[in-house]
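Subject: Handover of a structure and summary of findings

Dear colleague,

Please find below the structure that I am handing over to you.

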Amino acid sequence: MGNAAPIRVVVAKPGLDGHDRGAKVVARALRDAGMEVVYTGLHQSPEQIVEAAIAEDADVVGLSVLSGAHLTLFARVVELLKERDADDIVVFGGGIIPADDIPQLEAMGVAKVFTPGATTQSIVDWVRANVATD
């Protein structure tokens with residue numbers, strides 16, 4: 001067994017959020033952990049995010065939503081990945097997400113939801129444990 005390829009992550013801010021400090025902190029932590037990280041910047045549509053994930057050959061997409069539109073936005077990203085036969089890309093999310101919405105997000109295919117207060121180390125560990133690079 002040789003060296004496994006680094007995990008490729010696309011970190012994205014779908015929707016109209018104006019704040020990306022949290023997404024940048026997570027992107028930096030994943031990068032510091034040896035992953036290849038592409039940060040798409042603010043105000044990305046689900047279509048743009050999926051396009052980036054496929055173009056970058058991502059293993060995982062991390063979505064950060066603070067605006068309250070997470071159910072719609074996460075669902076759309078998961079749906080578009082399926083449409084593009086790219087639903088092997090793991091989707092996780094974080095942001096200001098009510099606990100009541102988490103089971104619904106998981107049911108629609110979001111692998112993990114991190115709420116405020118999650119440590120960057122817990123996110124790095126989860127990605128390592130749950131994302132396979134072939």
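Contact here means heavy atoms within 4.5 Å. Leaving out residues within four places in sequence, glutamine 44 is in contact with Lys13, Pro14, Gly15 and Ile49.

Before the further findings, some notes on the basis of the values. This is a predicted model, in which local features need pLDDT of at least 70 and side-chain atom pairs count only at pLDDT 80 or more, while totals for chains, interfaces and linings use all residues. Residues are numbered from 1 along each chain as its sequence is written, and side-chain values use heavy atoms, with hydrogens and water left out.

The protein as a whole

The protein contains five helices and five strands (DSSP runs numbered from the N terminus: helices are H or I of at least four residues, strands are E of at least two). Their order from the N terminus is β-α-β-α-β-α-β-α-β-α. The radius of gyration, taken over C-alpha atoms, is 13 Å, close to the 14 Å that the globule rule gives for 134 residues, so the protein is as compact as a globular protein of that length. That rule is 2.2 Å times the number of residues to the power 0.38. The C-alpha trace spans about 45 × 35 × 25 Å along its principal axes.

Of the 134 residues, 45% are buried (under 20% relative accessible area, with a 1.4 Å probe and protein chains only). Among contacts between residues at least 6 apart in sequence, 71% join residues at least 24 apart.

Two loop residues

Glutamine 44 lies in the loop between strand S2 (36–39) and helix H2 (46–55). Glutamine 44 is buried, its relative accessible area being 15%. Its side chain reaches the backbone oxygen of threonine 40 at 3.4 Å.

Lysine 13, one of the residues that glutamine 44 touches, is found in the loop between strand S1 (8–12) and helix H1 (21–32). Lysine 13 is buried as well, with a relative accessible area of 1%. The side chains of lysine 13 and serine 64 are joined by a polar contact of 3.3 Å (a pair of N or O atoms within 3.5 Å; within protein, one must be able to donate a hydrogen and the other to accept it, and residues adjacent in sequence count only if both atoms are side-chain atoms). Not counting residues up to four places away in sequence, lysine 13 touches several others, including His19, Asp20, Tyr39, His43 and Leu66.

Yours sincerely

How values were computed. Buried means under 20% relative accessible area, exposed over 50%, partly exposed in between (1.4 Å probe, protein chains only).
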